[in-house]
Amino acid sequence: MAVQILIPTPLRVYTRGEKVVTVEAGTVGEALRALTERFPELRRHLFNEEGRLRSFVNLYLGDEDVRYLQGEETPIPDGQTLSIVPSIAGGGRWSSGRWITRR
Amino acid sequence: MILRLRQAHQDQIRAHVEGGYPAEACGIFLGREVDGVRIVERLRLVDNRWADPEEQTHRFLIPPEEVLAAEREAVAEGMEILGFFHSHPDHPARPSNFDREHAWPWYAYLIVSVENGRATDWRVWELREDRSAFIERTLEVVP
């Protein structure tokens, strides 16, 4: 079935400017695969080197975070929209993969 | 890319990051992009929601439901999320590796260094497309 995926502003450069991409998929995982097959440059910004979804990348079906549903196995009901939403994390005192001691 | 803030926004950010010290403080920029200038029209000040309060001196989190709410507010008013800010208490206004691992290109990331409770250094960064590093951009403050 046709699923609409909302693309956040920073990633639209990889979808030829499209804000909404429509793919054929029955689950969240299938929708992601279809999206990144069509736009392969999206892959490194959504997935880490191990091929897992980056920890700060979240997927919402309506108002529901799919992590609290069935993850990538979550079925997408007809007419539902999938949103890609970053959580924003960061902070200081981290260098070369090691903690820097506080003064 | 230039990030353009109004003086009133800068004052709000200063109060937020100095008030949050020694924890990191954060927020979201909403506005429009015109010819490479990110014009901030609205600020959302956000509570640092990093789970462990003791780690909030060097970590911050804006959870996805906050970003989703900001995105919906922006779309409803013809704006976009332009980027985010956070403070580095007693630490330079430079992105850390941790910042880099948790960023996307295009967004403007403003980092404010807060030394002994005072906001001292303001720097804007943008992640390279290959994710290898941040590039420093220009912060413009207008009346």
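Predicted model: local features only at pLDDT ≥ 70, side-chain atom pairs only at ≥ 80, totals over all residues.

**Charged pairs and their setting**

Modeller: Start with B:Arg4 and B:Glu140, whose side chains meet in a salt bridge, with N and O 2.6 Å apart. This pair links distant parts of the chain. B:Arg4 sits in strand S1 of chain B, residues 2–6. B:Glu140 sits in strand S8 of chain B, residues 134–142.

How covered are the two partners? B:Arg4 has a relative accessible area of 27%, so it is partly exposed. The range for that class runs between 20% and 50%. B:Glu140 is also partly exposed, at 25%.

Next comes B:Arg118 with B:Glu18. Their closest N and O atoms are 2.9 Å apart, and they form a salt bridge. B:Arg118 lies in strand S7 of chain B, residues 118–127, and B:Glu18 lies in helix H1 of chain B, residues 7–20, so the pair ties together parts 100 residues apart in sequence. B:Arg118 counts as exposed, because its relative accessibility is 54% and exposed means over 50%.

The side chains of B:Glu126 and B:Arg137 meet in a salt bridge, 2.7 Å from N to O. B:Glu126 is in S7 of chain B, and B:Arg137 is in S8 of chain B. They are 11 residues apart, and again the pair links distant parts of the chain. B:Glu126 is buried, with a relative accessible area of 12%. The limit for buried is under 20%. B:Arg137 is partly exposed, at 29%.

Salt bridges also join up into a network. The members are B:Arg42, B:Arg44, B:Glu66, B:Glu73 and B:Glu77. Over all chains, the structure holds 15 salt bridges.

Now step back to chain B. Chain B has three helices and eight strands. Along the sequence they follow the pattern β-α-β-β-β-α-β-α-β-β-β. Of the 143 residues, 54% are buried.

What radius of gyration does chain B have? It is 14 Å. A compact globule with 143 residues would have one near 15 Å, so the value for chain B agrees. The C-alpha trace spans about 40 × 35 × 30 Å along its principal axes. Chain B exposes about 6,100 Å², and carbon and sulfur atoms supply 46% of that area.

Chain B also reaches over to chain A. Helix H2 of chain B, residues 64–76, lies across strands S3 and S5 of chain A. H2 of chain B runs at about 115 degrees to S5(A).

Those two strands belong to an open sheet of five strands in chain A, in the order S2-S1-S5-S3-S4. The pairing is mixed. S2 (20–24) and S4 (64–65) are the edge strands of chain A, and each pairs on one side only. S1 (residues 2–6) and S5 (residues 81–86) of chain A run parallel, joined by three bridges. There, A:Gln4 has A:Thr81 as its bridge partner in S5(A). Helix H1 of chain A, residues 28–38, lies across S1, S2, S3 and S5 of chain A. H1 of chain A runs at about 115 degrees to S2(A).

A:Leu61 stands opposite A:Leu82 in S5(A). A:Leu61 also stands opposite A:Glu64 in S4(A). S3(A) and S4(A) pair in the antiparallel sense over two bridges. Their hairpin has two residues between the strands, and A:Gly62 takes a positive phi near 60 degrees.

One last stop is A:Glu41, in the loop between H1 and H2 (43–46) of chain A. A:Glu41 is exposed, at a relative accessible area of 54%. Its C-alpha atom is 6.0 Å from that of A:Tyr14, 27 residues apart along the chain.

Conventions
Residues numbered from 1 in each chain as written. Chains lettered and ligands numbered in written order. Heavy atoms only, no water. Pairing = 2+ DSSP bridges. Helix = DSSP H or I, 4+ residues; strand = E, 2+ residues; numbered from the N terminus. Contact = heavy atoms within 4.5 Å. Axes fitted to C-alpha atoms, helices over the stretch in contact; angles between N-to-C directions. Rg over C-alpha atoms; globule rule 2.2 N^0.38 Å. Buried < 20%, exposed > 50% of the residue type's maximum accessible area, 1.4 Å probe, protein only. Areas by Shrake-Rupley, 256 points an atom, 1.4 Å probe, with all protein chains shown as cover. Salt bridge = Lys/Arg side-chain N within 4 Å of Asp/Glu carboxyl O.
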